[in-house]
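This report is meant for a reader who is meeting the structure for the first time. Please look over the sequence and the model before reading on.

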Amino acid sequence: MDTKALHTAREKIQEQLAQVIVGQNEVIEELLIALFCQAHAILEGAPGLAKTLLISTLSRTLNLSFSRIQFTPDLMPGDITGTDIIEEDRGTGKRDYRFIEGPLFANVVLADEINRTPPKTQAALLEAMQERQVSVGRVRHALPTPFFVLATQNPIEQEGTYSLPEAQQDRFMFKILVNYPSFSEEFEVARRTTTTMEDKIEPVLSKEEILEIQKLVRETPISDHLIRYALALVRQTRVGEEGVPDFTTENLSWGAGPRAVQFLLLGAKARALFNGNSHVSVEDIQALAKPVLRHRIMLNFAAESDGMTTDSIIARLLEETPAREEELLQHPRLKRMFA
């Protein structure tokens, strides 16, 4: 599959999704980028914004198996990974263990309200996300390929929730914010959902084509300048490092790690291909800086008290980091970082 074919496929996917989902173009683009980078994503938004519907429809469009797990405080690891049962052969009377697959054995797994389940179950999900396998007893079971975890979080109600560990948040490529629709979009939602209108979703890509796209993304070249630019953005979030701006030291208690750089570059490659470009630009990295970084940097108490957000810190980093190669290399503060 070449760049032109991928651009065409993206347009067809959006056409299919538009039958069910109104608006949310930026959310859809970021979801597709995560999927084609073989990564996972968190969607955060108020209830009723069609997060679950979007993910299930996307899996139908890509002809992938779909599984939804409603995370609750009493959910145990075996409930999602599967379990061994004792099965008796009626002919011989011999008993043996047989593994029954859990809902994690699907191409697209929706972890609904992921922050409502205890750490033990979150740890089981973490292994699946990172290793593409689950361990039951002493046996490891490989998960299907491709495999994506798309988790949702409700930012409103925090009672009875378990905050995701930093290590698990870092495994998610993006934290995607799902906002309320505009008036015209909500009007269309109300019109569609109160009639007998039915959607006719047709698969656009096969599993083999998805794997081919994932390979194409990684094969896309990127310049050394863009790697330095991504490094500059990420390393400026690390308090106490050389070249870090004062506003980072004043407002952050923790910065982003190396995965942020990797996901920025991979995401920029996928975004460039989606837009029909064979080369990556600074704009591709800038467009993905917020979804990549917002869950990887931590505000300190003073910044939270002042009502600051991680997005405002990222926006200021983008403003103060030169995009041109000569200016980036000669910047007095950043030169210490590149040394």
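This is a predicted model: local features need pLDDT of at least 70, side-chain atom pairs count only at pLDDT 80 or more; totals for chains, interfaces and linings use all residues.

R316 forms a salt bridge with E320, and the closest N and O atoms of the two are 3.0 Å apart. E320 is likewise partly exposed, with a relative accessible area of 31%.

Both residues belong to helix α14 (residues 310–320), where they are four residues apart and therefore separated by about one helical turn. An α-helix has 3.6 residues a turn, so residues three or four places apart point the same way.

## The chain as a whole

The protein chain has 16 helices and 11 strands. Its C-alpha atoms fill a box of roughly 80 × 45 × 40 Å along the principal axes. A compact globule of 339 residues would have a radius of gyration near 20 Å, and the 22 Å of the protein chain agrees with this.

Of the 339 residues, 50% count as buried. Among contacts in the protein chain with a separation of 6 or more, 76% are between residues 24 or more positions apart.

## Salt bridges between separate elements

How many salt bridges does a search of the whole structure find? The search finds 17 salt bridges, and several of them can be followed in some detail. Side chains of opposite charge can pair when their charged atoms come close.

K175 forms a salt bridge with E44, with the closest N and O atoms 3.2 Å apart. This pair links distant parts of the chain, as K175 lies in strand β9 (residues 172–177) and E44 in strand β1 (residues 40–44), 131 residues apart. Both K175 and E44 are buried. R271 forms a salt bridge with D284, and here the closest N and O atoms are 2.7 Å apart. Because R271 lies in helix α11 (residues 258–274) and D284 in helix α12 (residues 282–293), the pair ties together parts that are 13 residues apart in sequence. R271 and D284 are both buried.

## R10 and its network

R10, E29, R271 and D284 are linked in a network of salt bridges. R10 has its place in helix α1 (residues 3–18), and it is buried, because its relative accessible area of 12% is under 20%.

The side chain of R10 makes a polar contact with the side chain of E29, at 3.0 Å. When neighbours within four places in sequence are left aside, R10 is in contact with E29, L32, F274 and N275.

Helix α8 (residues 207–219) has 13 residues and reaches 19 Å from its first C-alpha to its last, which is close to the 18 Å expected at 1.5 Å a residue. Which residues of α8 are buried? They are I210, I213, Q214, L216 and V217. Seen down the axis of α8, these buried residues fall within an arc of 160 degrees, so they line one face of the helix.

The elements that cover the buried residues of α8 include α1, α2 (25–36), β8 (148–153) and α11. The face of α8 turned away from the buried side carries the exposed residues E208, K215, R218 and E219.

## Backbone details in the loops

Most residues other than glycine have a negative phi, and most peptide bonds are trans. A cis peptide bond joins T145 and P146, with omega at about -5 degrees, and P146 is found in the loop between β7 (139–142) and β8.

N63 has a positive phi, near 60 degrees, although it is a residue other than glycine. N63 is found in the loop between α3 (51–61) and β2 (66–70), and it is partly exposed, with a relative accessible area of 46%. E113, which is not a glycine, has a positive phi of about 55 degrees, and it lies in the loop between β5 (108–112) and α5 (119–131).

## L329 and its surroundings

L329 has its place in helix α15 (residues 325–330) and is partly exposed, with a relative accessible area of 31%. Not counting residues up to four places away in sequence, L329 touches R228, K335 and F338. The C-alpha atoms of L329 and Y229 are separated by 9.5 Å, while the two residues are 100 residues apart along the chain.

Terms used:
Residues are numbered from 1 along each chain as its sequence is written. Side-chain values use heavy atoms; hydrogens and water are left out. Helices (H or I, at least four residues) and strands (E, at least two) are DSSP runs, numbered from the N terminus. Buried means under 20% relative accessible area, exposed over 50%, partly exposed in between (1.4 Å probe, protein chains only). A polar contact is a pair of N or O atoms within 3.5 Å; within protein, one must be able to donate a hydrogen and the other to accept it, and residues adjacent in sequence count only if both atoms are side-chain atoms. Contact means heavy atoms within 4.5 Å. A salt bridge is a side-chain nitrogen of Lys or Arg within 4 Å of a carboxyl oxygen of Asp or Glu. The expected span of a helix is 1.5 Å times one less than its number of residues. The arc is that of the directions from the helix axis to the C-beta atoms. The radius of gyration is taken over C-alpha atoms; the globule rule is 2.2 Å times the number of residues to the power 0.38.
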